[in-house]
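Subject: Structure handover

Hello,

Here is the structure for your files.

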Amino acid sequence: MRAVFAVLLCLICVLTAPRAGAQGAAQIIDVYVGSGVDELDPHHAVTAAEHAVAGAMHRGLTAYDAGGRLVPDLADSWSVDRSRMTYTFVLKPGLTWSDGRPLTASDVVAGLNRAFNPSRPSPFAAQLGVIARTAASDTKSQTLRVFAPDSRTVEIRLTQPDDLLPDTLSRPVAAPAPSGDPDALKDGMVTSGDYIVSERRGGSVGLVHRTVERSLRIRPTGSVAEAWEASQQSDAFITAAFPIVTVPRPGSRGADARVDSSQALYAYVVNTRRSPLDTLEARHALAMAINRAEVLIDVPVRGAAPAVEFVPPQAKTYQTSYRTPYATLNDEEREAVAEALLADAGYGSDNRFTVRLRVPSGDIHGDVAAAVARMWLRSGIRSDIVVAPLPEHWAALRAGDFDVAFATWPGPRDTPRSFLEPLSVFGGPWNYGAYPFEGLGERLSRAAEAANSDVQAQFFREAEKALIEDQAVFALFYYQPLSLVSSNVTGWQANAAGVHPLRVLGVRPDDRRPRFAPPELPRAVPSLESDD
């Protein structure tokens, strides 16, 4: 009897005791990301993980808060003149860089100009292209028409009205830079935000808060399953820039899986540089052969819906526009149309091609790829499915090493612009498939220029229609994305934008943390006295 009680007593101790190192880890948040953080310079951040880290280290004139709302950040306020061609921002008083130097309007001007440095321009400089430039004949000597009339005032002059400029200025490409030494941003030791770099090891990065005893450990992870397992060793953790559709084995840790209120698009991007996918017929044939509803039957996803458009319904600012041609066809009709399209592209029944389909490891990606491959095979199109850890997957996409590949794009998910922009000239490295239609960027610019919301919506509608007609991306289904968030982490809020900035996160005090409940003991509690 005494032995049985000893076992029960040990079990209670294990379940109620804090994890090893919990006291020291109370101010450390492990952040699991889907790619390595190789670039700490905000103007040259490329991956979603690098953008998330840049958001913790650097501040813009504007920012998204925990609720997914665009708010002033370095700016105390802003205004736009009657022509809508000049924005004026007034900075908050007392701003400083992490090294103690005052952060002034001149630093904002220096940062915007640095993004256009001709010797090393930002990969996303086109997003700031609406800002006017000086009239110098030599492009290398041109500067932006951005001015600092005094230490707290920034004046930005545009080539055309752009009501979306405040959103653009929240991005890393618009981060300020020390006016006397703009390249001080390179290594992350001088920052305008809450965190500075404390450690680097490969693609992993340690960040330490400037004023609070709190650290972020950025940890690249190959899959959702790996993040799920690794998080069991963390006292406080979160996933960021991580496309999570389902969570493996939630079990008793269901509270750690948070459902966002935004709507994401699960899609395959097409490499339009590769034959035969550089032809419209071949792309439409592949898109036509996929039965979206059947994919979700083969691979159930909670709350998912087949994508017969491109921009998710929840993000639309306009009524349903133009649906994909296969939306109203049955399987027999779709396969017949796909057969005819392939023949038009020069690929008869005896002359099919093989598609190299890249997907990340873990989650449902392999199952979705297998379902799509089976449907393509009905039309005689074979697939070579390549499965790789997330960091390797994103690297392959940036290198163009794919025919068709799973892709997602960072940014708020509650506007059409977020889904359309990455496929345009403004998408930079996020236009993985090198979609060449310049008219898409023109429509987005006209949408930003439009003073009337209905006119703006019309340009978004036209942009979406162009993408659907060209099938440069195969939209498969819409879903509500998930995040892994420890119950010990504060500051994470589900929101329609799907934005969760790292800089707002905190750690719950010890006395407010959930406790493991001890198991119920048998009614007849054994005596502590000796049986002798």
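**Cavities**

Strand E13 (264-270) and helix H12 (416-420) each supply at least two residues of the lining of the largest cavity. This is a predicted model: local features need pLDDT of at least 70, side-chain atom pairs count only at pLDDT 80 or more, and totals for chains, interfaces and linings use all residues. Residues are numbered from 1 along each chain as its sequence is written, and side-chain values use heavy atoms, with hydrogens and water left out.

Some terms first. Helices (H or I, at least four residues) and strands (E, at least two) are DSSP runs, numbered from the N terminus. A cavity is a set of points, on a 1 Å grid over the protein atoms alone, where a 1.4 Å probe fits but cannot get out; lining residues have an atom within 4 Å of a point. Its volume is the space filled by probe spheres set on the points, with grid points joined across faces, edges and corners.

The count comes to two cavities of 30 Å³ or more. The largest has a volume of about 80 Å³. Its lining includes Ala264, Leu265, Trp409, Arg413 and Phe419. That lining divides into five nonpolar, three polar and one charged residue (nonpolar: Ala, Val, Leu, Ile, Met, Phe, Trp, Tyr, Cys and Pro; charged: Asp, Glu, Lys and Arg; polar: the others, Gly among them).

The second largest cavity has a volume of about 50 Å³. H14 and strand E18 (473-479) each supply at least two residues of its lining. Among the lining residues are Phe310, Tyr326, Leu467 and Val473.

**Salt bridges**

The whole structure holds 31 salt bridges (a side-chain nitrogen of Lys or Arg within 4 Å of a carboxyl oxygen of Asp or Glu). Glu464 pairs with Lys316, with the closest N and O atoms 3.1 Å apart. Glu464 lies in helix H14 (residues 453-470) and Lys316 in the loop between strand E14 (305-306) and helix H9 (331-344), so the pair ties together parts that are 148 residues apart in sequence. Both Glu464 and Lys316 are buried (buried is under 20% relative accessible area, exposed over 50%, partly exposed in between; 1.4 Å probe, protein chains only).

Arg157 and Glu155 also meet in a salt bridge, at 2.6 Å, N to O. Arg157 is partly exposed at 29% relative accessibility. Glu155 is buried at 18%.

Arg417 bridges to Glu421 at 3.3 Å between the closest N and O atoms. Arg417 is buried at 12% relative accessible area, and Glu421 is buried at 8%. Elsewhere, salt bridges that share partners join Glu39, Asp41, Arg114, Arg120 and Asp183 into one network.

**Aromatic rings**

There are 12 aromatic pairs (rings of Phe, Tyr and Trp, its six-membered ring, with centres within 6.5 Å; planes under 30 degrees apart are stacked, over 60 edge-to-face, the rest tilted). The ring centres of Trp78 and Phe89 lie 5.8 Å apart with planes at 40°, so the pair is tilted. Trp78 is in strand E4 (residues 75-80) and Phe89 in strand E5 (residues 86-91). Trp78 is partly exposed at 31% relative accessible area; Phe89 is buried at 0%.

Tyr266, Tyr268, Trp394, Phe406, Tyr432, Phe477 and Tyr479 form one aromatic cluster.

Best wishes

Technical notes: On a 1 Å grid over the protein atoms alone, a cavity is a set of points where a 1.4 Å probe fits but cannot get out, and a pocket is an open set with protein on both sides within 12 Å along at least five of seven lines; lining residues have an atom within 4 Å of a point.
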